[in-house]
Amino acid sequence: MLVASELQGKRIAFLVAPEGAEQVELTEPWKAVEEAGGTPELLSTQEGEIQAFNHLDRADRFPVDRVVSEASASDYDGLVLPGGVANPDYLRTREEAVRFVREFFEQGKPVAVICHGPWTLVEAGVLRGRRITSWPSLKTDIRNAGGEWVDEEVVVDQGLVSSRKPDDLPAFCAKLVEEFAEGKHEAQARSA
């Protein structure tokens, strides 16, 4: 059960592409952060709004709070990377997004990633020696990046929280709140 003040005073970044994020993988963790007393902020590579998706169908639009090129991990206490196939595929091609993600690992801050989201972690070069799960099609990419891919509902490895798919969201959200509440994990930086 979430405690309403667990994340009081903590700012959590949600990084997504201008379009392609899986809506439920954005909205459910967002709600979990808010319910735990944290302040979520939506970051993207462009100002305005992002277009979320329900699998391959357009869903809702959400206002961007900050452009990632103007942000630093030092401004936040944690990072959430939702999935959706197009979302991380786009982010991993954007230098400012990859830099932002890498900074969280360098600073030992918790990161939560779900579904196809780990593609951005592969590009950031932060998976060597890490235990992680994802959508099954990323298994080879994660292993090639030096990670240990496992097929589990939720995996926690020194501040890195990962899940496979929307069905895993209840466990994912509970664990990300727990890890964000714990704060920095010095071992998080070992793979950066």
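**Ground rules.** I work on a predicted model, where local features need pLDDT of at least 70, side-chain atom pairs count only at pLDDT 80 or more, and totals for chains, interfaces and linings use all residues. I number residues from 1 along each chain as its sequence is written, and side-chain values use heavy atoms, with hydrogens and water left out.

**Sheet.** I looked up the strand order first. The sheet is open, has seven strands with mixed pairing, and runs β6-β3-β1-β7-β8-β12-β11. Strands (E, at least two residues) and helices (H or I, at least four) are DSSP runs numbered from the N terminus; two strands pair if DSSP finds at least two bridges between them. β6 (66-67) and β11 (154-157) each have a single partner strand and stand at the edges, so one side of each is left without a neighbour in the sheet.

**Strand β1.** I then followed β1 (residues 11-15) and its partners. Four of its five residues are buried, buried being under 20% relative accessible area, exposed over 50% and partly exposed in between (1.4 Å probe, protein chains only). β1 pairs with β3 (residues 39-44) in the parallel sense over five bridges, and phenylalanine 14 has leucine 42 of β3 as its bridge partner. With β7 (residues 78-81), β1 pairs in the parallel sense over three bridges; there alanine 13 is partnered by leucine 79. Further out, β3 and β6 run parallel and are joined by two bridges, with leucine 43 opposite arginine 66 in β6.

**Helix α1.** I checked α1 (residues 23-35) for length. Its 13 residues reach 18 Å from first C-alpha to last, close to the 18 Å expected at 1.5 Å a residue; the expected span is 1.5 Å times one less than the number of residues. Gln23, Glu25, Leu26, Pro29, Ala32 and Val33 are its buried residues. Glycine 37 follows α1 and has a positive phi, near 90°.

**Helix α3.** Twelve residues reach 16 Å from first C-alpha to last, close to the 16 Å expected. The buried residues include Phe100, Phe104 and Phe105, but also Glu96 and Glu103. Glycine 108 follows α3, again with a positive phi, near 70°.

**Core.** I listed the largest nonpolar core: it has 30 residues, and Leu15, Leu79, Phe100 and Leu121 have the most contacts inside it. Such a core is a set of buried Ala, Val, Leu, Ile, Met, Phe, Trp, Tyr and Cys residues joined through side-chain atoms within 4.5 Å. β1, β7, α3 (95-106), β8 (111-114) and α4 (118-124) each supply at least two of its residues, and α3 gives the most, with six.

**Leucine 91.** This residue is found in helix α2 (residues 86-91). Leucine 91 counts as buried because its relative accessibility is 1%.

**Largest pocket.** I noted a volume of about 250 Å³. Of its 14 lining residues, Glu22, His55, Leu56, Gly84 and Val85 are the closest to its centre. A pocket is an open set of points on a 1 Å grid over the protein atoms alone, where a 1.4 Å probe fits, with protein on both sides within 12 Å along at least five of seven lines; lining residues have an atom within 4 Å of a point. Strand β2 (residues 19-22) gives the most to the lining, with three residues.

Definitions and conventions. Grid points are joined across faces, edges and corners, and a volume is the space filled by probe spheres set on the points.
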